[in-house]
Structure formats: C-alpha cells, structure tokens
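Hi,

Here is the structure I promised to pass on.

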Amino acid sequence: MSHNIGIVGAGSIGIGWAVVFATAGYRVHVCEVNEDAAQKALPRIKEIVSRLNHFGLESQSPEHICEFISVYSELAPALSNCDFVFEAGPENLEQKIDLLGAISEIVPDHAVISSSSSAITASSSGLKVKGRERFLIVHPANPPFLIRVAEIVTTPETQDTVVDRVSELLTQANMSPVQLHKEQLGFAFNRLQGALLREAYSLVADGVLSAPDVDTLVREGLALRWAVTGPFVTSHLNVPGGLRAHAARMGSSYYQMALDRENTQPWSPELVDQVASEIEMEHPLTNWEHDVQDRDDGIMLIAQARAAHSAR
Ligand SMILES: NC(=O)c1ccc[n+]([C@@H]2O[C@H](COP(=O)([O-])OP(=O)(O)OC[C@H]3O[C@@H](n4cnc5c(N)ncnc54)[C@H](O)[C@@H]3O)[C@@H](O)[C@H]2O)c1
C-alpha cells in the first residue's frame, strides 16, 4: 500500500492516472516536460477532484489529494524511487521506444513499467527497455478516474508475477483490470469501439442516417443497456431462452450484416469531413473543453446511479 507511483506525461491520461492513484492513497510522482502542462497539472487535478466531490464520488478534498502528488520536469527525480511507472506520453512509436528505454534506465530493478498506449503493442515500443520481463501495456479508457477499466496486454517476455502485481495495484485503486490472452493491434477495447465506428461511418456513407442520428441511436438506445450489461448479457436478456436462443434467432441475420461490410474502409477524408461538419453544428470546436466537462459530468451522474444500482 506504500507504493510510489510514477506517471510520465501530464496530458488527459497522465492526469487521470494521477487522480486514480492519489485518491486511492498512493504517493504519485508526475514527470511532464512541457512547462505549461506541468504548471497546469495540479490545478487540473484539483478541479477534477472537486467535480468528483460535487457528485459524491470522492470524499477527500482536492487539497488533501494534491498532498499525495509531486510534479517534476525531469524523469530521474520523478522515477528513481518508484515501484510502478505508467508511461502516458504521446502516441508515437519512435518517441515511446526512446522514452520507455530512458525510463527503464532510471527506475529501480523491481519496478513494473507500463505504457498506456492505445494501439502500439509493448513488443514494438519496448525495444530499448532494460528488463523487458517487467514491461507491459496497461491501457486505460478516458478519463480513467470515471471509466475504471484497464486492459493489460503482455509480451511473450512479460513475467506472470508482473501481471499479478499490476493487477493487484489496479484492483486496490478501484480499477477493473482485464487481461488479454494475446497481443494484437488495437487491443480489445478499441477493437470493440472500432467495430461500432466502422458501422457508424458506413451508415452515413450509405446515406442511411445522418451523423447526429447515429449518435442518438447509440446514446438514447444501445448505450443505456450497455451501462448496465455488456453486449453478451444484453443478448442473453433480450430473448427468452437467453444467449443460445438469441444466437439461433438472430445469428444468420448478423452474419449477413457482417458479410455486407466486408472489406469496407469507410474513414475516407471526404466522409470524415461530412461527419465532422454535421457533428460540429451542435458541438463547435470552440466549445470543446466545455463539452468534455459536460460529458464527464454526465458520466459522473451515471456513476452515481450505477453505484446505487449495485448497492441494492
Ligand atoms: N486520450 C485518450 O482517449 C486515451 C485513452 C487511452 C490511452 N491513451 C494513450 O495514453 C497516452 C497519453 O495520451 P494523452 O491523450 O494523455 O496524450 P497527450 O499527447 O495529450 O499527452 C502527452 C503528454 O506527455 C508529455 N510528454 C511528451 N514527452 C514527454 C517526456 N519525455 N517526458 C514527460 N512527458 C512528456 C507531453 O508534453 C504531453 O503533455 C497515449 O499513448 C495515448 O494513446 C489515450
């Protein structure tokens, strides 16, 4: 419980990890090379914790949480005493290879090193890591302090004990770790999200729906069930007789739909432009930060409701 947690990068994910671990009582050491981002880190964390307080999702004060967090501009003072490191630098393969290599030269030998990468596998980014048996991906969702799931993706070299240690840490920090049985591009979270986006873009490309109408169907429809059950339990509860009856009744239709979409590459620049223009009508980029805050407030209210549902 007295672990020191190192976080590299204070973008959305680094800040999110800092909130997750500091609110769970760990000492957090954040390294951020950009001066402006470094200066904004503690005020951003205070603001997040104050929103969590407001929605009853966190009882400790922002000032108390910030006592657990130190911000540095260099790797060595931040990481030399850390037991776990969460690399949350830019999603760029060359930068990750160098950054992770540098991290591994600084941290103690027992330290677990993880990358938060959304799609770059640890086998590709870990080429310069010293002690690759302690290196793996821990991929969070954004923001990690609200969507409390993390994918654990190992390389063939990662030791099982390292997976056990990081899983235990995440569980103690109120996260739900999910381990993939093998490495693959996009891991699993973004594969699932990608499947829905592929269909969403295709529906717009085919002139079936407008972009806002796709969002309405998901927001007002599918997402409400998915906030309570995953897609398999959703299928199980949708048809008397459960998942087997659902597969018997609907399997061939879903197969035809999948065949329909074979080999589609719907993210063409023209289509992205069309979808973005439709979405920006209601969500102009000038409102982006406000809209992110509004989304997070919405998730906080849902988190409250889900906690009440689980506690019944
Ligand atoms: N944003 C998301 O939705 C999301 C979700 C899950 C995972 N991720 C992954 O997490 C990682 C971070 O994502 P983000 O959105 O916070 O990125 P970001 O680009 O917003 O932030 C990265 C931060 O790292 C800093 N940085 C760059 N080089 C550094 C160095 N050498 N030492 C210390 N800090 C350094 C940058 O100044 C920046 O503040 C990426 O790999 C991303 O793919 C992002």
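This is a predicted model: local features need pLDDT of at least 70, side-chain atom pairs count only at pLDDT 80 or more; totals for chains, interfaces and linings use all residues.

Helix α1 covers residues 12-23 and helix α2 covers residues 35-54; they pack at an angle of about 55°, and their axes are 10 Å apart. That angle is why α1 and α2 count as oblique to each other. Their crossing is right-handed. On the α1 side the contact is made by I15, A18 and V19, which meet A41, R44, I45, I48 and V49 of α2. Sorted by type, the residues of this α1-α2 contact are seven nonpolar, no polar and one charged.

Leaving aside residues up to four places away in sequence, A18 touches I7, V28, V30, I45 and I69. As background, nonpolar side chains tend to be buried together in soluble globular proteins.

Now go to another helix pair, α10 (residues 231-238) and α11 (residues 242-260). These pack at an angle of about 85° with their axes 7 Å apart, so α10 and α11 are roughly perpendicular to each other. Here F232, S235, H236 and N238 from α10 meet G242, L243 and H246 from α11. This contact divides into two nonpolar, five polar and no charged residues.

Last, the backbone. Most residues other than glycine have a negative phi, and most peptide bonds are trans. Where does this model depart from that?

- A cis peptide bond joins N142 and P143, with omega about -5°. P143 sits in the loop between β6 (135-140) and β7 (149-153).
- N174 has a positive phi, near 65°, and is found in the loop between α7 (160-172) and β8 (176-179). Is N174 buried or exposed? It is exposed, because 11 other C-beta atoms lie within 10 Å and the cut-off for exposed is 12 or fewer.
- F187 also has a positive phi, near 50°, and lies in the loop between β8 and α8 (189-205). F187 counts as buried, because it has 21 C-beta neighbours inside 10 Å and buried needs 20 or more.

Cheers

Note on methods:
Residues are numbered from 1 along each chain as its sequence is written. Axes are lines fitted to C-alpha atoms, for helices over the stretch in contact, and angles run from 0 to 180 degrees between N-to-C directions. Helices (H or I, at least four residues) and strands (E, at least two) are DSSP runs, numbered from the N terminus. Angles under 35 degrees count as roughly parallel, over 145 as roughly antiparallel, 65 to 115 as roughly perpendicular and the rest as oblique. A crossing is left-handed if the near helix is turned anticlockwise from the far one by less than a right angle, and right-handed if clockwise. Two residues are in contact if their C-beta atoms, placed from the backbone, lie within 7 Å. Ala, Val, Leu, Ile, Met, Phe, Trp, Tyr, Cys and Pro count as nonpolar, Asp, Glu, Lys and Arg as charged, and the others, Gly among them, as polar.
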